[in-house]
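Take a moment with the sequence and the 3D structure below. We will walk through the chain step by step, starting with its aromatic rings.

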Amino acid sequence: MSSDGNEEENDRVDNQHNRWPSLISSLLNSSSRSQNDKPADEATAADKIDEELLCPICQDLMREVYATHCGHSFCHECLTLHLENASDCPLCRAPLSRTNIYPNFQLNKLASFRIRSIKEKQSVNQHLNPIEKLIIESNKSNESIAKTLANSLSYHDLISVFETAITQRKQMEQDESKIKKELLKAFLERLEQKNKDTVRRLETENTSILADLKSIDEEHTSTPTRKRKISWPTTYIMGEGGSNSDTLNQDISENQVKVEPQQIKVHNEEEEQLPVQRRLNERFNDLRTIYHRLLSPNDYINKRKLSLYIKSPSYRCILDDFSTSIYELTRYDQFEEVDTIDYTDSTRQGSSIVSTIGFDRDQEFFAVGGVSKEIKVFDFNMMGYARTGHCPLRVLACSNKISCLSWSPYVKSQLASSDYEGLIDIWDSASGRKVTTFTEHKKRAWSVNYCETNPTMLASGSDDSTVKIWSLSHNKAIHTLEQKGNVCCAKFAPNSSYYLAVGSADHHISCYDLRFPNQPMCQYIGHKKAVSYVKWLSDRDIVSASTDSTLKLWDRESRKCLRSFEGHQNEKNFVGLSTDGDWISCGSECNTVFTYHKNATKPIATYTFPSNDCEDENIFVSSVCWKKDTKKLVAANSKGMIKVLSLK
């Protein structure tokens, strides 16, 4: 009786979908078989893994895996479509609703890895060169690449190709290292010269002070105007090409004493400088600040002396890091235009402001929204290849003007929008359908943002002076954060579902720990007008934009303003803010994109949108968005013109 029961139980387990024990056992069995049967075993194991990763509904490898409270997993799209017509689990028929489904992160990683490995074996993008295709088709395996080359080239050709490639690679690394060393040397020489000039000025001033002190002790009641003889370095008056004499004596009255800094280069030499040298001169003050922060004896005297004393490589590493900073700050200075898109057609009357731009999870598609009450989705891979304009992949018709967009970090097609009526909508961009709407805001909503680490959570900010925290599994907000002014933006930290930065019209940035939502964890005070945007450079660094025409970089823990960025113009409009690594970009009310590096207070590169003389003078850049881990940027202005730019 018991043995029959055990057999029935075993049969039930073997026939159950998503059975992890059979998957593990198949992997163990495949590894224990003989080496001669390895190819067949690998194919069998891969087939069994694929079988376990199949969605029970579509019978394809699962994508964006969601699990039910009863333990079964499905594609997000398949499960949501099923729940539109039914209220039970497709497998076991247990009661089920949208509020009882959750992302299955671990299984999704495994399924995504399997899908990616299959794609890498298929044909690759036609725009890639042959070597890039070879690397991708070989699954980036050194053995596979070597085998392909060995089958394609003769022995002597193979030796020649590899020797040439190695030589060129070494030369590239040597050239980059040489450039860094030359830049570092040029900076240090200029810094030394400036310090010498400062010492000379102070010595001259101190000589005058001593003369004045001496004159006080002497009684010269009859002298109407006292003259003092000052010894001036020739270079102060004639520059480096002046007289060979060391000093020039000159009598000067007391109220005419003025010391001018030494000019390092004459104008003709400056005009003939290489671009890198010119950028070095332009950004010298920022580089000096970085140098003092990293290597100044005032800040690191003990560490510096110790490093020099014991001849440790740590000091050399600090110098190498600094040379890399110089290289980054002097490498780029302009944008190259890649492509142009029109948000609205030329026949449209009225405003065409693009309010928001955002890239999807894979940085493949980007969505554009604005006052035309449409969200348009474009394929970034087509930028730079179309000659007759671009048609959107999908157009989502909206009921109201769009203020902000945010893509889900988990479900590729899921997109959230905020609008001028205070609605927060969740869209399926693949089908163009609106999935969910949150309606608790009483006034215009300016901001919406998905949490990167918890894709079921969103934050939104509104003119009703509240920040709402939403969960896709609840119909109502799970937290409401009251503010003192209109909320312009709310942004989750990149690697935390607890930290939330909020910018509002009260001129302050507030940082919340959502585990204690009753009051902000800390505030950052320094802007003189409303804070229109906040972004996270890292878990510790926050960037804010304000209508006082400044950006500010804050340290989350110390609450200090590390740096202020100035150059753009922003007094009344939302002009956009985007970050990628150490790069920060924003728009301006002069119809120009400004890009800063986090270590430089002045812009590194700018791009001005083309305009006609008859156009409104009040045109401004209204939105910007970096494509992650690239030097490419999408920007748009208030006339609906969208530009794809590349930093160079």
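The whole structure holds 18 aromatic pairs. Here, rings of Phe, Tyr and Trp (its six-membered ring) pair if their centres lie within 6.5 Å; planes under 30 degrees apart count as stacked, over 60 as edge-to-face and the rest as tilted. Take phenylalanine 565 and tyrosine 596. Their ring centres are 5.5 Å apart, with 55° between the planes, and the pair is tilted. This pair links distant parts of the chain: phenylalanine 565 sits in strand S26 (residues 561-566) and tyrosine 596 in strand S29 (residues 592-597), 31 residues apart. Phenylalanine 565 and tyrosine 596 are both buried. Buried means under 20% relative accessible area, exposed over 50%, and partly exposed in between (1.4 Å probe, protein chains only).

Tyrosine 607 and phenylalanine 609 make another pair. Their ring centres are 5.7 Å apart and their planes stand at 75°, so this pair is edge-to-face. Tyrosine 607 has a relative accessible area of 11%, so it is buried. Phenylalanine 609 is buried too, with a relative accessible area of 2%. Elsewhere, ring pairs link Phe187, Phe284, Tyr291 and Phe322 into a cluster.

A word on the source. This is a predicted model, in which local features need pLDDT of at least 70 and side-chain atom pairs count only at pLDDT 80 or more, while totals for chains, interfaces and linings use all residues. Residues are numbered from 1 along each chain as its sequence is written, and side-chain values use heavy atoms, with hydrogens and water left out.

Now the whole chain. It has 14 helices and 33 strands. Helices (H or I, at least four residues) and strands (E, at least two) are DSSP runs, numbered from the N terminus. Of the 648 residues in the protein chain, 43% are buried. Contact means heavy atoms within 4.5 Å. Among contacts with a separation of 6 or more, 49% come from residues 24 or more positions apart.

Next, look at strand S16 (residues 457-462). How many of its 6 residues are buried? The count is 6 of 6, and the strand is mostly covered. In a regular strand the side chains alternate between the two faces of the sheet. In S16, Met457, Ala459 and Gly461 point one way, while Leu458, Ser460 and Ser462 point the other way.

S16 has partners. Two strands pair if DSSP finds at least two bridges between them. Strand S15 (residues 445-450) runs antiparallel to S16, and 5 bridges join them. Tyrosine 450 stands opposite leucine 458 in this pairing. A hairpin of 6 residues connects S15 to S16. S16 also pairs with strand S17 (residues 466-471), again antiparallel, over 5 bridges. Here glycine 461 has valine 467 as its bridge partner. The hairpin between S16 and S17 has 3 residues between the strands, and serine 465 in the turn has a positive phi of about 65°.

Further along comes an open sheet of 4 strands. Its order is S19-S20-S21-S22, with antiparallel pairing. Strand S19 (487-492) and strand S22 (522-525) stand at the edges. Each has a single partner strand, so one side of each is left without a neighbour in the sheet. Within the sheet, 4 bridges join strand S21 (residues 508-513) to S22. Isoleucine 509 faces tyrosine 524 in S22.

Finish with two loop residues. Threonine 601 lies in the loop between S29 and S30. Is threonine 601 buried, exposed or partly exposed? Its relative accessibility is 24%, so threonine 601 counts as partly exposed. Leaving aside neighbours within four places in sequence, its contacts are Asp286, Arg563, Ser564, Phe565, Glu566 and Tyr596. Threonine 601 and leucine 551 are 50 residues apart in sequence, yet 9.3 Å apart in space, C-alpha to C-alpha.

Glutamate 617 is in the loop between strand S30 (605-608) and strand S31 (621-626). It counts as exposed because its relative accessibility is 75%. Glutamate 617 and glutamate 589 are 28 residues apart in sequence and 9.5 Å apart in space, C-alpha to C-alpha.
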